[in-house]
Structure formats: C-alpha cells, structure tokens
Amino acid sequence: MKIKKGFSLRKVSNHYVVVPLEEATNYFKGVIHLNETSAFLWQALEKGMSNRIELTKVFMKEYNIDKETASNDVDEFLKVLIDANVIER
C-alpha cells in the first residue's frame, strides 16, 4: 500500500491533518484528522512501509504494545484511509 500522490500530512498546533494538494483536490474535499499514533503510521507509509505486517511490527516496537492491539489499530487506520480513497493497494 502507498499514499496516493497529492496528499500531505501537516501538523497544526498539536493536531495532525492530512490535506489534499493539487489534483487530489479534484476528488477529495476536506481533511482527515489523525491522532499522534495515526500520524506515526502515516509517516511509516511515507517512508515506504507498504504492507500491514511491516506497519504492525514498527507500531509494536514504537509504542511497546502487543501484536493483537497493534494489528487491530493498524487495520482500523488502513480502513479509514482506504474508505477515504487516499491510499493505493
């Protein structure tokens, strides 16, 4: 999976938002609000981690959480992005 061209993570004060840029504004209206952990996962996607297993491993390590919790959180995060049509499979 990878982030579609034209989406960017921005930090505004203590909040993280994903905003569409350029051509992405033609089909995506609005912003996606992310918490700190979701922003971490977004940044992992930006760095080239392209599958659920890689994301789960790095998430477990960063937040010192168990595999089941990390896996569930990663699945929920990816579902939001898939539903919003901002990542490619």
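Biologist: Where is the place of Glu22?
Modeller: Glu22 sits in the loop between E3 and E4. Helices (H or I, at least four residues) and strands (E, at least two) are DSSP runs, numbered from the N terminus. This is a predicted model: local features need pLDDT of at least 70, side-chain atom pairs count only at pLDDT 80 or more, and totals for chains, interfaces and linings use all residues. Residues are numbered from 1 along each chain as its sequence is written, and side-chain values use heavy atoms, with hydrogens and water left out.

Biologist: Is Glu22 buried or exposed?
Modeller: Glu22 counts as exposed because its relative accessibility is 68%. Buried means under 20% relative accessible area, exposed over 50%, and partly exposed in between (1.4 Å probe, protein chains only).

Biologist: What is phi of Glu22 near?
Modeller: Phi of Glu22 is near 50°, a positive value in a residue other than glycine. Most residues other than glycine have a negative phi.

Biologist: New topic. Which residues of H1 are buried?
Modeller: They are Ser38, Ala39, Phe40, Leu41, Trp42, Ala44 and Leu45.

Biologist: What does Trp42 touch?
Modeller: Not counting residues up to four places away in sequence, Trp42 touches Ile3, Phe7, Leu9, Val18, Leu34, Phe77, Leu81 and Val86.

Biologist: How many residues has the largest nonpolar core?
Modeller: The largest nonpolar core has 24 residues. Those with the most contacts inside it are Phe7, Leu34, Trp42, Phe77, Leu81 and Val86. E2, E3, E4, H1, helix H2 (52-63) and H3 each supply at least two residues of this core. H1 gives the most to this core, with six residues. A nonpolar core is a set of buried Ala, Val, Leu, Ile, Met, Phe, Trp, Tyr and Cys residues joined through side-chain atoms within 4.5 Å.

Biologist: Now the largest pocket. What is its volume?
Modeller: The volume of the largest pocket is about 180 Å³. On a 1 Å grid over the protein atoms alone, a pocket is an open set of points where a 1.4 Å probe fits, with protein on both sides within 12 Å along at least five of seven lines. Lining residues have an atom within 4 Å of a point. Grid points are joined across faces, edges and corners, and a volume is the space filled by probe spheres set on the points.

Biologist: Which residues line the largest pocket?
Modeller: Ile32, His33, Leu34, Asn35, Thr37, Ser38, Leu41, Phe59, Asp73, Glu76, Phe77 and Val80. H3 gives the most to the lining, with four residues. Strand E4 (32-34), helix H1 (36-46) and helix H3 (67-83) each supply at least two residues of that lining.

Biologist: On to the strands. Where is Ser8 found?
Modeller: Ser8 is found in strand E2 (residues 7-12). At 13% relative accessibility, Ser8 counts as buried. Leaving aside its neighbours within four places in sequence, Ser8 is in contact with Val17, Val18, Val19 and Leu21.

Biologist: And what about Pro20, buried or exposed?
Modeller: Pro20 counts as buried because its relative accessibility is 15%. The place of Pro20 is in strand E3 (residues 15-20). Leaving aside its neighbours within four places in sequence, Pro20 is in contact with Gly6, Phe7, Thr25, Phe28 and Gly30.

Biologist: Last one. What does Lys67 touch?
Modeller: Lys67 touches Thr56 and Met60, not counting residues up to four places away in sequence. Lys67 lies in helix H3. At 60% relative accessibility, Lys67 counts as exposed.

How values were computed: Contact = heavy atoms within 4.5 Å.
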